[in-house]
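We will take a short walk through it, one selection at a time.

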Amino acid sequence: MSLSTLTKPWEAMSYGFLDGSAKRELRRKMLKSVAVPGCQTPYASREVPMARGWGTGGLQVSLTLVNPQTRVKVIDQGADDSVNAASIRRFISRVAGTPTTMDTLEADLIQSRHRIPEEILREDQVLVLQVPNPEPLRPVQPNMSIARQMHADADYGRMWLQLYEQIVRSGRVMQGASYPSLVHGRHVMTPSPIPRWDVPKLHMAKHLTILSAGREKRIFAVPPYTKVEPLVFSDVPYKVEEHGHLTCTRSGATGFFMNEIPQDDGSSAFEVSDSEWGVKTIRARDGEGESRGETWYKDGEMSE
Amino acid sequence: MAYVATRGGERAIEQSERLFREEMGGFDRQRVEEVKKSLPYLIDRVMGEASLYDEDLAALALAQTGGELYEAVLLLRAWRTTQPRLQVAEPIEQDTLFTHRRISAAFKDIPGGQVLGPTLDYAHRILATDVLQGEGYAPEPVEPAANPSPAYQPSVSAWQAENDLLEQPTPDGTTGNDIPDLTREPLLFPSKRAHTLQSLARAETGGVLALGYAAMRGYGQAHPTVNELRLAEAEIAVTHPDGRQFSAGRVKVSQAEVVDKKGEKLGIGYAATLGWNEVKCISAATLDLNSPGAEKGSATEEEFFLYHTEGVESSGFCIHFKLPHYVTFQSSLDAMRDAKAKKAEQSKSSDMEPAE
Amino acid sequence: MTLTLDTPKIVQTRPLLQVRDVSKSYGPVQAVRNVSAHAYPGEVLGIVGESGSGKSTLLRMMNLEEIPDTGSYTLDLPDVSGNLFELDRFARRMLCATKIGIVYQNPHLGLLMKHSSSGNVAERLLVAGERSFATLRQAATEALDASEFPLDRLDAPPIELSGGMQQRVQLAKAIALEPALLLLDEPTTGLDVSVQALVLDTLKRLQQDRHITMVIVSHDLGVIRTLADRVMVMRRGEVVETGLADQIFQDPQHPYTQQLVHAKL
């Protein structure tokens with residue numbers, strides 16, 4: 001054995017930035033998290049050339065899953081052209097040579113910060129959600145080691161109590177985004193800070209969702225066709241944001257999750273949050289052809 | 001296609017980075033050399049926090065980021081990620097450290113002697129404004145001691161253990177690739193000893209100081225006495241594939257032992273870092289000293305201080321709040337408005353009750 | 001003194017609760033030494049002793065918060081079997097949540113001080129799996145009502161309540177799931193004498209209405225006398241005397257008990 005057999009020809013960077021051992025660990029942890037849906041699996045979470053909290057967890061998953069043929073879409077708050085989405089997309093394609101797309105239907109892998117596209121995802125697509133805080137119990141138990149034990153015991157009484165308290169105090173569950181949800185009837189997970197509008201899209205979905213928190217070093221998954229049930233009392237139904245009746249001032253699309261844009265006159269205008277859905281709607285309106293796929297919501301209602 | 005025309009994200013981020021670079025100007029090999037030569041203590045701090053010992057790369061990271069410390073450390077950590085782990089060096093024992101400075105506050109004198117070494121501790125902190133007037137600053141020559149101190153010394157705690165004043169921790173026999181490595185495994189609690197020491201070694205200096213200082217001021221249970229503080233150079237001994245051991249070079253290291261009485265014996269806290277980082281070592285050792293039995297959620301509890309002194313994570317999370325959060329915000333807004341409407345409806349109906 | 005002439009509880013053949021030969025040391029201190037205790041269904045067992053006698057440690061063992069070094073613990077209930085000290089963390093938690101209620105001297109131990117009072121009670125039902133908001137609300141209200149808690153303060157957080165009210169919230173929480181066993185650790189200590197009497201009244205009434213098996217620990221003989229059917233006297237980690245309440249109070253045998261009783265009377 002000599003030093004030359006221990007090393008390899010010098011390269012500035014491995015394919016997809018991460019080295020083999022990092023990717024192997026991620027693949028193992030992803031498999032584990034698919035095997036135990038909704039359960040947070042700790043992983044080493046290497047440092048990547050992007051600040052923690054800026055999608056490093058999602059990025060490590062994406063970099064591990066892609067090959068040079070994988071068509072990658074990256075969205076941030078629903079938009080493909082958001083600055084950080086652009087930055088991540090550029091990075092993945094720079095280090096892994098992947099083609100990129102903005103079309104949800106064309107994408108093989110979608111890395112997203114806090115939105116699930118409005119078009120229904122297929123079995124051959126993977127959704128990677130960036131997660132700032134993977135621990136749904138954090139508000140009731142900030143200590144990670146105790147929280148871990150609570151998950152092991154399915155000890156979610158405090159979680160429910162929190163919902164009870166909100167109803168008592170405010171007349172409704174006040175949880176905005178990151179609505180805690182029970183996965184496969186066993187683990188409570190945070191679906192990441194996606195709006196409540198998006199949570200039902202995870203329930204019995206055809207696609208695989210991987211949720212990854214880089215800073216907090218936890219990975220978890222919702223495999224295809226897995227139950228994802230928001231925590232709700234049997235007599236207080238789950239409520240998504242009341243956006244079903246809103247119309248996008250740019251595209252005219254109605255019945256989807258909207259961004260509210262405050263106007264000078266004190267009123268609000270609305271723009272569809274899934275920017276690519278807006279673009280497709282405009283194209284169809286302007287006679288440039290129909291490219292829209294099936295959507296989860298129809299006429300502002302989640303379809304069965 | 002008005003909608004598409006607004007897609008300025010890609011261009012905007014490119015131009016904003018260009019602006020930053022343009023304002024800072026170019027830099028070259030010579031700038032990197034100057035940074036390395038003129039700012040050795042900053043280099044040490046950065047190397048410690050990056051857990052990467054390479055003065056040239058540390059200087060490069062500083063030059064490239066204009067001294068934005070968190071960015072510099074992140075650059076180095078991200079570069080480190082791409083490097084294979086070829087070898088694990090032999091463990092370093094205290095008595096093999098080539099010692100430059102070694103002081104103890106616990107005893108007036110210690111076996112081997114107090115070695116002040118290089119320090120600004122007793123300097124008068126007067127700004128050398130003359131330099132700005134064009135005067136050069138040439139340091140006074142050092143007069144060597146008549147009897148030089150021995151370069152190699154055991155630690156003070158070794159003497160204390162011999163005298164039954166403290167319990168030396170049982171040596172961990174783990175070697176080579178079996179030694180837990182924080183950069184390749186997640187930190188879980190209760191933390192492995194190796195992880196704790198590694199995490200403190202690469203912790204953010206200011207963060208360790210803040211929490212360590214809180215413990216020193218009285219929010220901890222133990223009051224530290226600096227048993228030994230040492231600045232030294234360590235030989236990195238690695239094994240060649242043919243079995244021979246050789247030195248891969250020397251690295252600057254610093255370490256601190258702090259003690260406190262714990263019943264009849266002394267309790268000990270320990271920390272060591274790459275590079276010479278005195279404040280960080282003492283603070284980290286103080287946290288280590290205070291951590292056994294610390295209350296959950298207190299600043300001296302292991303989980304609390306290890307999580308919150310991790311500089312790349314904490315600074316990254318802090319700046320992530322600059323990212324747009326309007327989807328999450330919209331979702332909260334919806335819940336708030338609905339709750340408000342419900343309340344208004346309720347008070348309206350209760351207002352009406354008397355009329356019935 | 002009034003005697004209730006129900007079926008004598010002592011006739012029951014199988015105790016609901018049985019603790020056998022438990023010992024527990026903390027370092028050099030032996031807190032409990034070879035203690036056995038039992039309580040029949042519907043019976044109130046009083047444990048009396050000064051601080052440091054091991055009585056509270058024993059009660060915490062009955063709530064499975066404390067596991068002794070040796071000894072066993074059984075509850076004669078459907079679906080509950082074996083030595084409860086050997087249960088794993090999960091089974092222990094479920095058993096405590098559904099079968100055992102406890103009221104601590106210090107309400108901070110038993111209550112979430114900033115949550116609503118009704119929420120504190122509802123948590124019990126949530127742990128047991130109740131998922132209807134209306135049911136939770138109703139059950140919490142009923143339990144609080146049974147504890148004679150003023151219902152207009154239903155959603156006030158305990159931190160805003162008086163000591164007596166806090167104990168009533170603890171009590172409501174303890175009885176919300178109709179536990180087989182109610183443990184009371186100095187439930188009225190630290191309350192004003194008048195408030196103390198009211199809380200004791202509530203406890204007595206609850207006991208009569210619901211026939212819950214209770215174990216009450218107190219240093220106060222008056223409290224024990226008001227509630228207990230049978231009394232165990234503890235001193236320095238050991239049981240020095242045990243017997244029917246009347247017997248202990250009228251005719252104490254052990255010198256220590258005599259001293260206690262006479263000091264009180």
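Predicted model: local features only at pLDDT ≥ 70, side-chain atom pairs only at ≥ 80, totals over all residues.

Residues are numbered from 1 along each chain as its sequence is written, and chains are lettered from A.

**Domains.** Colour residues 20-230 of chain A as domain 1 and 239-304 as domain 2; these bounds come from an automatic or database domain assignment. Their centres, taken over C-alpha atoms, are 24 Å apart.

**The sheet.** Next, select the open sheet of 6 strands in chain A, ordered β1-β8-β7-β4-β3-β2 with mixed pairing. Strands are DSSP runs of E, at least two residues, and helices are runs of H or I, at least four, numbered from the N terminus; two strands pair if DSSP finds at least two bridges between them. At the edges are β1 (41-42) and β2 of chain A.

**β7 and β8.** Pick residues 208-213 and 218-222 of chain A: these strands pair in the antiparallel sense over 5 bridges. Look for Leu211(A) opposite Phe220(A).

**β2.** Now select residues 72-76 of chain A. Why is β2(A) largely enclosed by the rest of the structure? 5 of its 5 residues are buried, meaning that 20 or more other C-beta atoms, placed from the backbone, lie within 10 Å of a residue's own. Val72(A), Val74(A) and Asp76(A) point one way, and Lys73(A) and Ile75(A) the other. Alongside, β3(A) (109-113) pairs with β2(A) in the parallel sense, with Gln111(A) opposite Val74(A).

How values were computed:
Buried ≥ 20, exposed ≤ 12 C-beta atoms within 10 Å, placed from the backbone.
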